[in-house]
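Please have the model open as you read.

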Amino acid sequence: MSIPNDTAPVVGASQTACAATATATGAARPPLLATQDALAQLLAAAFPLCAQPDAIETVPTQDALNRVLATDIHSALDVPPADISAMDGYAVRAVDVVAGRPMCVSQRVPAGHAPGGALEAGTAARVFTGAQLPAGADTVVMQEQAQAHGETVAFDAAPPMGDWINRRGSDICKDAVILPAGMRLTPQALGLAASVGYATLPVARRPRVAIAFTGDELTMPGEPLRKGAIYNSSRFTLGGLLAALGCDVTDLGIVPDRLDATRDALREAALAHDLILTSGGVSVGDEDHVRAAVQAEGSLHLWQIAMKPGKPLAFGTVHRPAAAGALCVSAPHDAAFFIGLPGNPVSSFVTFLLFVRPFILRLAGTGCVEPRVLRMRADFTQKKADCRNEFLRARINDAGGLDLFPNQSSAVLTSTVWGDGLIDNPPGHAIQAGEMVRFLPFSTLLA
């Protein structure tokens with residue numbers, strides 16, 4: 001599907017070729033859900049933590065990096081608080097200056113010091129960058145255009161009135177909103193808050209996320225790798241992604257491939273968490289018990305997305321005992337949210353970026369959760385179209401175009417390190433070299 005602008009939602013068409021085929025063949029399974037429809041359902045379910053008063057925390061400004069503002073931040077003062085010099089030089093009244101004619105230097109005003117009264121007519125004040133101008137001064141002449149001799153100074157030319165002055169309130173006006181509620185705080189935002197005197201900031205509490213991994217084949221790094229086993233790479237990838245989003249994470253480790261063990265893990269996780277995140281066990285294999293466990297312990301709202309990689313994504317809720325309801329305020333008090341990711345490492349990585357990341361940001365109260373999308377040139381040809389919305393790992397080359405990783409398998413984790421981002425390729429579309437494609441940089445998806 002062609003999306004007319006780069007501010008549209010990230011993910012594909014509302015009806016896919018896969019869904020149409022499934023319906024035409026009379027398959028028992030419902031049509032696969034389009035990626036944009038699945039994302040819309042997730043975001044509609046997530047309401048901000050800061051909607052509840054007890055979910056707002058006050059933290060020191062220096063500790064608020066990546067936290068989400070719970071309320072608007074207003075400035076209590078004008079910035080700058082007075083007319084100040086933008087250069088080292090001399091403050092004058094422009095009408096008094098005649099090129100080459102000496103003027104008496106009547107006062108000296110360093111930054112951080114108050115002027116010694118109003119500027120006397122026909123005189124200049126020696127000022128420095130950031131210094132407050134004496135009353136009556138309407139112009140600053142930079143020192144490079146001045147000839148100082150003892151207590152007098154002459155100027156090379158008559159300056160334009162208003163030169164080199166930063167006017168009071170030219171950056172921030174008193175009472176203006178400088179940081180809006182729902183903003184995820186960057187280093188520069190912390191500096192802006194500090195510049196108007198905020199020592200603390202009101203933020204939403206961190207989302208509480210429990211994460212579990214299913215699969216008897218999983219082994220932790222450092223342990224002997226038995227036959228048929230693989231190392232649990234997703235524990236490190238997903239754990240790092242959650243940490244980068246500022247979540248409070250409980251790692252439940254590897255859950256055995258049994259329905260009872262999976263149900264026990266879900267019940268435990270629901271007690272004190274906003275979101276339960278699992279990796280693996282949501283497909284249709286005999287040993288995939290997560291979907292059945294969620295249906296037994298709560299409700300499954302959606303399952304299987306028309307995307308590649310990442311088809312077996314699941315979303316729902318898991319009931320919690322009534323006594324535990326007050327511990328989490330993001331979901332209904334009797335349930336915790338659930339998102340089940342595929343087990344393949346690339347699939348779990350991509351679906352986290354496209355679904356879990358915006359869900360957690362919305363949960364935390366962030367206003368804008370869509371990543372930046374770029375229009376970039378494909379420097380490759382992909383002849384075979386897929387019926388699903390594809391997310392292809394690609395890298396920006398020296399010519400400013402995109403190269404495609406040669407192996408797009410959902411098990412090839414090296415592609416996520418090699419690549420600079422994902423190409424959002426609509427269903428049924430074969431990419432031709434030279435065409436413009438939608439590119440989602442990792443730099444925004446991982447921020």
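Is Glu 57 buried, partly exposed or exposed, going by its relative accessibility? Glu 57 counts as partly exposed, at 32% relative accessibility. Please keep in mind that this is a predicted model.

1. Let us stay with Glu 57 and look at its partner. Arg 67 and Glu 57 form a salt bridge, and their closest N and O atoms are 2.7 Å apart. Glu 57 belongs to strand 1 (56–60), while Arg 67 sits in the loop between strand 1 and strand 2 (73–74), so the pair ties together parts that are 10 residues apart in sequence.

2. Asp 274 and Arg 205 form a salt bridge, with 3.0 Å between the closest N and O atoms. Asp 274 is in the loop between helix 5 (259–270) and strand 17 (275–279), and Arg 205 is in the loop between strand 12 (200–204) and strand 13 (208–214), so this bridge ties together parts that are 69 residues apart in sequence. The relative accessibility is 0% for Asp 274 and 6% for Arg 205.

3. For a contrast, turn to Asp 260 and Arg 258, whose side chains meet in a salt bridge at 3.0 Å, N to O. Asp 260 counts as partly exposed at 41% relative accessibility, and Arg 258 is also partly exposed, at 42%.

4. Salt bridges can also join up. Arg 263, Asp 264, Arg 267 and Glu 297 are linked in a network of them. A search of the whole structure finds 14 salt bridges.

5. Now for a charged residue without such a partner. Glu 390, in strand 23 (residues 389–396), is buried yet has no salt bridge. Its nearest side chain of opposite charge is Lys 308, 4.5 Å away; a salt bridge needs the nitrogen within 4 Å of a carboxyl oxygen. Leaving aside neighbours within four places in sequence, Glu 390 is in contact with Lys 308, Gln 382, Ile 423, Asp 424 and Asn 425.

6. Finally, have a look at two helices. Helix 2 (residues 35–45) and helix 7 (residues 345–364) pack at an angle of about 25°, with their axes 9 Å apart. Helix 2 and helix 7 are therefore roughly parallel to each other, and helix 2 passes helix 7 in a right-handed crossing. Helix 2 makes the contact through Thr 35, Ala 38, Leu 39, Leu 42 and Leu 43, and helix 7 through Leu 354, Phe 355, Pro 358, Phe 359 and Arg 362.

Technical notes. Residues are numbered from 1 along each chain as its sequence is written. This is a predicted model: local features need pLDDT of at least 70, side-chain atom pairs count only at pLDDT 80 or more; totals for chains, interfaces and linings use all residues. Side-chain values use heavy atoms; hydrogens and water are left out. Helices (H or I, at least four residues) and strands (E, at least two) are DSSP runs, numbered from the N terminus. Buried means under 20% relative accessible area, exposed over 50%, partly exposed in between (1.4 Å probe, protein chains only). Lys and Arg count as positive and Asp and Glu as negative; His and the chain ends are not counted. Contact means heavy atoms within 4.5 Å. Axes are lines fitted to C-alpha atoms, for helices over the stretch in contact, and angles run from 0 to 180 degrees between N-to-C directions. Angles under 35 degrees count as roughly parallel, over 145 as roughly antiparallel, 65 to 115 as roughly perpendicular and the rest as oblique. A crossing is left-handed if the near helix is turned anticlockwise from the far one by less than a right angle, and right-handed if clockwise.
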